[in-house]
Amino acid sequence: MMEVEVRHHSVLLTRSEGKYSAIGNQCTHYGAPLFISGNRVRCPWHGSCFNAHTGDLEEYPGIDCLPCHKVHIQNSKVYVSINKKASAASLICAETLRQENFGGRIIMVTREDLLPYDKTRLSKVMNVESDSILMRRMEFFHQYDIEVWLRKEALSVDTDKKTVTFDDGSVQSYDQILISTGCAKGLDVPGMNLGNIKMLETPEDARQIHAACIGHNVVLVGTSFVMEVASYLLDKASSITVIGSSEMPYQNTLGPEIGKLTMLMLTEKNVKFYMNDNVTEVRGTNGKVKDIVLKSGKVIPADVLIVGITMPNSEYLKSSKIQMTSKNFVKVDKYMRTNVPDVFCGGDLAIFPLAMAKNQMVNIGHWQMAQAQRIVALNMLNKTTELNSVPFYWTVLVGKTIRYTYGEGYTEIIIKGKFEDRKFLALYIDDEVIAAAGLNFDPAVSAVAERLASGKVITKKEA
């Protein structure tokens, strides 16, 4: 693979299986340079993948396909003709249905007042303007005849009658339905009706948190992606305290070793942590938060409380025949089908068999796993397709990005580099490499993800 300049356009010229191709040189997500692996090119930042021959999007969170340019060989020389039009993407179920030439009615419904947007930005740039993170504008939906109903919330689903009832009293029938209502933030303790309790779910929430925290004492509950909020507020809040129920942040994903490093990164910036503890009460004065009472008996002063604990947004499904777990996630198979015919589920709400973890049932609330919605669309059209993605996510703390490709059940970690240098690659081992995490070690994590996606084993000896 090499990058070449053609009429002021930088393109990637690749040769795979004896065939030359010329495609765009930057990821359509946030413009990262790409590297090739077999028949695909991959983004080292966030894990997007594209077909090296056609530029087609094969793994999210990329938004569009890469532009693909004409290539011809003459007199042993390679000539590239620039094509300025890119292909349409398959970001969500509705788009894939149209891409696959489905001509029927498509309705997207959301209780929010915005079109779909990049939620990963909310915890990183909290004073963000809504318009700047929209993934598609209304013109796109009009062009492809996709109805979008905003500010409309589902109250119940009747799978016998195949209808959905909404909060405005309307009832809509369906032939097939994708349920993707995600998770909501929540904390069930006394005092949650006080003012200045914030939950980060929308761009407006992000802007309110940004404004409310300047010069104030902030307490955050949770130790996963809410840690990014703590990092964002470092130069804004008077004090920042994080409360977590586990021993270390990110413990269930990155493991205690890297979890300890993330805590150190924020502790060095004067963030206080109370781990192995839980909130039992929120106390206030004059209708606003005053302090947070912990199970350990500690009392923490607070002007603002940010709740980063999530629970499935599935209350409206409890009267239906759709099977859920004890924690109220919706169970689906490898085709994203529920136990009810014509009812599919994807996104944060679904618990599904992860192929690379020997079909262990998992719930992965990561942006990249929105690919499941594309799988849903194909299976709705009877184009039988299994979810066979390798989860990939990233988190940004103190200006540093930790990347992680997911696995289950590791027993050992091999470290390349040093934690104390803030430059390392961690390989998670269970007889073979099943996951990787890295800081300042690009594109290593993406390369591991690509090896796992191709089904190639990385042995402990190779690690």
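Let's start with Phe225, which is partly exposed at a relative accessible area of 29%. The model we are looking at is predicted. Tyr393, by contrast, counts as buried, with 4% relative accessibility. The two rings have centres 5.4 Å apart and planes at 70 degrees, so they form an edge-to-face pair. Because Phe225 sits in the loop between β18 (217-221) and α4 while Tyr393 belongs to strand β30, the pair ties together parts 168 residues apart in sequence.

Both residues belong to a cluster linked by ring pairs, together with Tyr404, Tyr406, Tyr410 and Tyr428.

## Other aromatic contacts

The structure has 9 aromatic pairs. In one of them, Phe140 and Phe141 are edge-to-face, since their ring centres are 5.6 Å apart and their planes stand at 90 degrees. Phe140 counts as buried at 15% relative accessibility, and Phe141 is buried at 1%.

Arg136 lies over the face of Phe140, 4.6 Å from the ring centre, and Lys236 lies over the face of Tyr232 at 4.0 Å.

## Helix α5

Helix α5 covers residues 255-267, and at 1.5 Å a residue its 13 residues should span 18 Å; the end C-alpha atoms are 18 Å apart, which agrees. Its buried residues include Ile258, Leu261, Met265 and Leu266. Among the elements covering the buried residues of α5 are α4 (226-232), β30 (392-397) and β33 (423-430).

## The nonpolar cores

The largest nonpolar core has 85 residues, of which Leu220, Leu233, Leu254, Ile306, Phe352 and Tyr428 touch the most other members. Another core, of 17 residues, lies apart from it and includes Val221 and Val289.

Terms used. Residues numbered from 1 in each chain as written. Predicted model: local features only at pLDDT ≥ 70, side-chain atom pairs only at ≥ 80, totals over all residues. Heavy atoms only, no water. Helix = DSSP H or I, 4+ residues; strand = E, 2+ residues; numbered from the N terminus. Expected span 1.5 Å × (residues − 1). Buried < 20%, exposed > 50% of the residue type's maximum accessible area, 1.4 Å probe, protein only. Contact = heavy atoms within 4.5 Å. Core = buried A, V, L, I, M, F, W, Y, C linked by side-chain atoms within 4.5 Å. Phe/Tyr/Trp six-rings, centres within 6.5 Å; stacked < 30°, edge-to-face > 60°. Lys NZ or Arg CZ within 6 Å of the ring centre and 35° of its normal.
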